[in-house]
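The exercises below are meant to be worked with the sequence and the structure side by side. Try each task before reading the solution that follows.

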Amino acid sequence: MTDISQNKPQSRIAAFWDSDLAYAFRHSPIAMVSFLTVFLLVFSALCAPLIAPFNPYDPASLDLMNGFTPPMTSNDFTGAEFMLGTDDQGRDVLSTILYGMRISLFVGFSAVMFAMILGISLGLIAGYIGGWTETIIMRIADVQLTFPSILVAMLIFGIAKGVTPIEYRDQMAIWVLIIAIGLSDWVQFARVVRGATLVEKNREYVLAAQLIGRSSPVIMLRHILPNVLSPVLVIATISLALAIIAEATLSFLGVGAPPTQPSLGTLIRIGQGFLFSGEWWILFFPSCTLLALALSVNLLGDWLRDALNPKLR
Amino acid sequence: MTLLDISDLTVAFPTRKATFIAVDSANLTVEPGQIHGLVGESGAGKSTIGAAVMGLLDRPGHITGGTISLKGKSISGLDREAMQSLRGKEISMIFQDPLTSLNPLLTVGDQLIETIRNHLGLNEADAKERAIDLLRQVRIPDPDTRIDQYPHQFSGGMRQRVVIALALCSEPDVIIADEPTTALDVSVQAQILELIKDLAQEKQVGVILITHDMGVIADTTDVVTVMYRGKVVETGPTAQVLGQPSHEYTKSLISAVPRPDTKMHRFPLVSYGGRETTFQIEDLARNWKKTELDKSKPLFEIRDLTKKFLKKPALIPSRREFSTAVDQVSFDIKQGEVFGVVGESGSGKSTIARMIAGLYGVDGGTITFDGQEVTGAQDLSSYRSQIQMIFQDPYSSLNPRMRIDAIIAEPARHHGILSGKALQHRVDELLDRVGLGAAAGRKYPHEFSGGQRQRISIARALATQPRFLICDEPTSALDVSIQAQILNILKDLQEHLNLTMLFISHDLPVIRQMCDRVGVMKNGVMVEQADTESLFTAPQHAYTQELLSFMPRLDGVATG
C-alpha cells in the first residue's frame, strides 16, 4: 500500500503530461508563447517588491529632478539612468508598471472570481430548479445584457462612490471596482452554466442521486457542478482578459483605481497627457504591458476553448 | 456480375498512442437484388465498412489496403470529387435516425425534388412527378398531399420511408442501410424491413444491411457476414450461418440472443474471446441481510396510478394543457417476483418506474409498499433505502467526475447505513463480487466499457442491500453477449438475495426470459396483465397479439 501512495502524485503528473490537453498544448506554439508571457508578467507582478528597482509609493525614493528622464539615457541634472524612463514626478516607469500590474491583475482576478461565483450559482439554480426562479434569473440576465458592460460598471461605481463616506473612498475604490466589473460580467457564466445544467440534470446519474433522496443543493454542488466546469474555465480565461481591459478603461476614464494606487489604466491616463509633448515613454510602456497581458490571456483562452472542444480541431 | 466487391479491405485509424485497425482484410460481395447482412457487436467494424464504401470515413481513418469495386470498377482509389459524384448517384445510404437525416426546414417534396434534379437532371415538373411516384413506392399513403408536408408532420416510421425514398431518388445500384430500424418500434421495424426487402427485389438493388440484431438478420437478409473486432469470422447464406454456424464466435453469439419461444433458466454466455467475468453470487448472498419472503403477499400495490405532463404552460391553471402519460394503471408486485412492463416508446412504462422510484410526483392514485402508503408520505427515507434502480444508459448513469468507490458508496453513506472502514469494505467487496476487483474503485467511469459500467451500476444498487430493484431497460444499450451476462446477474440477484424486481423493457424475448408476470402498456394504459407463459402462448388483448406477431423470430436457428 505504501508504495502505491508514494507513486500516486508522480503518476498523476505523468498522466497529466500524457493527457490530450497537455499534448495539444505542447503542439501549439501560440499557446506556449502566450502561457510563457502570462507566466512572466504574473510572476514579475507578484514579485514586484523584490525585482522593481524603486518603490514608486515611497516618497523618499522620489526625486523631482529625475522627472521626464527618457529611457536608457542619463538624466541631465542627476545623471541617474532608468531603463524605461521616468514620469513627471521622477517615478521609475518600470517600477510603476510592475506595481500597477499588481493592481490590474488583482482587480481582474477578483472580479472574475466574483462574477464566476455569482454566475455559476445563479446558473445552477436557474437550470436545476427551473420554473419561475429560472424565468426571473434569466430575464434579469437578458436585461443586463442590453447595457454595455462598461456602462453597468460605471453606474455601479458611481452609486458606490455616492454612498461611501469621502474619507474611505480611496480605500474602497479597488473593492468597488471589483464588484462593478464582476457584476457586469456574471451573465455569461450564468448562461453557459444554465445551459450545461439543463443537459446534465436529465442524465441518469442525477436521477440516481435523486432516487436515494439527495437534496437539491447537494446534487447541484456535488454532481452537476463538476460536470459543467470545463466551459466555465474557458469563459473565465477570456473574461480575465476582458476584466483587465475593463479595469484599465474605468481607470483611464478616472473612475477606477485612484492615483495613490495606480493601475495600468491609471498609468495610461497619466501618460496620455504627455504624449504630445514628446514624453512618449510614459504612455507607451504601460500600454504595451496591458496589450501583452490582455492579448496573451485571450489567446490562451481561445486555445483552451479549441483544445477542450475536439469538434473544432 | 458482382455488383459490389470488397476484397481485403483494411481501414486504420492512426491515433497518438497506436494505430487502431478498425477493419482487418474484410471480404464482402453484393449481388443485384441481394440483401447482405453485416452483423457484429459494437466495435466490430461493420459501420466502418459502410463508411469506407461511401468514402465517408471520419478522419483520421483511411483505407490502408484492399480494394472496393463497383460493377468491376475500382472506387477505393477515387479522389474526393469523383467520389462525391458517385455517392448518392450509384451508392446511397440510409442512416439510423430518421429524425436527423431529414432537413426540418424543407418540405419532404423540396428535399426529394432537389435530389432528383441534381442526379437525374429532370425539370421541376417531372421531378415532382417522380417524387410522388417514389413516395408511392415506399408505401406512403396519399403522396400527392404528403409531398408538401414537413418532416415533423410524419411519424418516425413514415420519416424512415421518406429517407428510403431519398436514397432511391438517383436510382442507385447499391444502398447501404446502417441500423435502419434501430431507432424504431418493433411494429414499425417489421414494416420498414419488409419494404427494404420488396424494393431490393423490385429494383434489383444490392443492399448492405448493417445491424447488431440477429432477429433482423434472420428476417431480412439473404447472405450474412459476421464480424468480430474488425475481422470477418464467417460469411454465407443466412439460413446456413444461423442454422449451422461453423465459427465459435457465431455460435456463442447466436446462443446469447434471448429466445422468444421458450424460457430458459440462464443465458448461455458468449465465451469467445475470453470476455466472461465471473459474478460471485454465493459470496454476496452469505453476507446479505435477507428479509423473509411471503409469496402470497404483495410488496407493492399500485392503484389507479396517473401521471400528467404539462403540454402548454399558462399562468391561469384552467388554461394549462396536459397530456396523460400514465392513465389509471393498477397492478400488484408480489414479494420475490419479477414483474415486467413492456410497451413501445411513449407508452408510459418508464414514467411508471420513475413514479414508483419517487423521481416523479404522482397526479392520481396510490402506491403502497409493504402495507404502507408511499404517495403523500412525509418521510420517504426508509422507503428510499429499500429500493434501488438500474438505469438504461451505462454511459450517463455514472457521474463522470466521481471515482467508482465514491459512486458506489454514495447511497449507503447517504442513508447512514455504513460509514468509514465498514463502508470501504462493503464497496471493495461489491466490486470484487461483480467481477471488477477492488482496485477498480480508484478509477473513473470513463475507464470502463458499457458492460463493466452496468456492473458498477449494479454494485451501487446493491450497496444499501435493498429489497426492491427497478430495472429500466437495463440492457437495451448493450451488445447481446454483454446483455446475457447482465441478465444472468439480475436473475442471480433475484434468486439468491430474495430481491423483488420491476423490469421495464421494449424487448419481448428479454421480458419472456426475465419476468414472472407481465403488464403490457399502450398509450399510458395497461391493456393486459398476465403470467409470462400465458401471455406469450395465449395473448388476450388485440394489441398484445399484434406486438407478439412483430417479434423477430430466429426460426431454424441452432439451439445453444
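Leaving aside neighbours within four places in sequence, which residues is A:Leu177 in contact with?

Solution. Two residues are in contact if their C-beta atoms, placed from the backbone, lie within 7 Å. Leaving aside its neighbours within four places in sequence, A:Leu177 is in contact with A:Val107, A:Phe157, A:Glu247, A:Leu250, A:Gly256 and A:Ala257. This is a predicted model, in which local features need pLDDT of at least 70 and side-chain atom pairs count only at pLDDT 80 or more, while totals for chains, interfaces and linings use all residues. Residues are numbered from 1 along each chain as its sequence is written, and chains are lettered from A and ligands numbered from 1 in the order in which they are written.

**Exercise 1.** Describe how the two domains of chain B meet.

Solution. The centres of domain 1 and domain 2 of chain B, taken over C-alpha atoms, are separated by 35 Å. Across the boundary, 9 residues of domain 1 of chain B are in contact with 9 residues of domain 2 of chain B. On the side of domain 1 that touches domain 2, α7 (186-203) and α10 (248-256) of chain B each supply at least two residues, and α7(B) gives the most, with 3 residues.

**Exercise 2.** Give the strand order of the open sheet of 6 strands in chain B, and explain why one side of each edge strand lacks a neighbour.

Solution. The order is β6-β7-β8-β3-β9-β10 (chain B), with mixed pairing; two strands pair if DSSP finds at least two bridges between them. At the edges stand β6 (91-94) and β10 (231-237) of chain B, each with a single partner strand, so one side of each is left without a neighbour in the sheet. Within the sheet, β3 (residues 35-39) and β9 (residues 223-228) of chain B pair in the parallel sense over 4 bridges, and B:Val39 stands opposite B:Val226 in β9(B).

**Exercise 3.** Is B:Glu344 buried or partly exposed, and which residues does B:Glu344 touch?

Solution. First locate B:Glu344, which is found in the loop between β13 (338-342) and α12 (349-356) of chain B. With 18 other C-beta atoms within 10 Å, B:Glu344 is partly exposed. Not counting residues up to four places away in sequence, B:Glu344 touches B:Asp185, B:Ser187 and B:His506.

Technical notes:
A residue is buried if 20 or more other C-beta atoms lie within 10 Å of its own, exposed if 12 or fewer, and partly exposed in between; C-beta atoms are placed from the backbone. Domain bounds come from an automatic or database domain assignment.
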